[in-house]
Amino acid sequence: MDLAIFDLDETLICEDSTSLWLRWLVSQGFAPEEIIQQEKILMEKYHTGTLSIEEYMNTTLAPLAGMATMTVEGWVRRFIHRDIMPRVFPAARERIEWHQQRGDTVMIITASGDHLAVPIAERLGVHGALAIGVEVVDERYSGQTYGTMTYREGKVTRLSDWKALQQDQRFERTWAYSDSMNDLPLLAHADHAWVVNPNSLLLQEAQQRGWEVCNWAR
């Protein structure tokens, strides 16, 4: 059995899940409109590799601080149905099914919060998600995070920790799929690396390393 790891944003779906989520919150009156511009500025830093993931999470989790988990779970279900599922790349679905037919374990690994990633993984029918831990205290979101961030090298750390806990499974090979230069550590860690819709820098890296390159479209 192999393990297939998919990045979420711009890999399985054609946009960024947290950006979409904040726009949904604003559209429903659950977050101030200025948070969209704040997140846009932070995403520019992400694309240049200079983002502080702590600052990003503190900003994007602020609207949930003090909210009951059951309330937010209802919001997330509506959000995924409206804004995530229509944006899944058809080729990504096919690739997930290809792995599942082989008997592989399929996981999502993402720098999004687990309040979004875990239910998205459930809707996609995959094994689970490794995502940034979003803290819950007394069944309410605190607005804080916990644990090792699934960002850059942190993805490899979390993946290695998760694999070490799978006592009843030994994965022969690991496949990794991502669109992002920030996932170079993850791609380099995998036995089979696939880059999805890469920019010029990642394309050059993939060509030098002999990685597979695929172009997925909606």
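## Asp179 and strand E5

Asp179 sits in the loop that links strand E5 (174-178) to helix H8 (184-189). Helices (H or I, at least four residues) and strands (E, at least two) are DSSP runs, numbered from the N terminus. This is a predicted model: local features need pLDDT of at least 70, side-chain atom pairs count only at pLDDT 80 or more, and totals for chains, interfaces and linings use all residues. Residues are numbered from 1 along each chain as its sequence is written, and side-chain values use heavy atoms, with hydrogens and water left out.

Asp179 is buried but has no salt bridge. Buried means under 20% relative accessible area (1.4 Å probe, protein chains only). A salt bridge needs a side-chain nitrogen of Lys or Arg within 4 Å of a carboxyl oxygen of Asp or Glu.

| Partner of Asp179 | Relation | Distance |
|---|---|---|
| Thr11 | side-chain polar contact | 3.0 Å |

A polar contact is a pair of N or O atoms within 3.5 Å, one able to donate a hydrogen and the other to accept it. Beyond four places in sequence, Asp179 also touches other residues, including Asp7, Asp9 and Leu202 (contact: heavy atoms within 4.5 Å).

Strand E5 is mostly covered, with 5 of its 5 residues buried. Thr174, Ala176 and Ser178 point one way, while Trp175 and Tyr177 point the other way. In a regular strand the side chains alternate between the two faces of the sheet.

E5 pairs in the parallel sense with strand E1 (residues 3-6) over 4 bridges. Pairing takes at least two DSSP bridges. Ile5 has Ala176 as its bridge partner in E5.

Key: Buried < 20%, exposed > 50% of the residue type's maximum accessible area, 1.4 Å probe, protein only. Lys, Arg positive; Asp, Glu negative; His and termini not counted.
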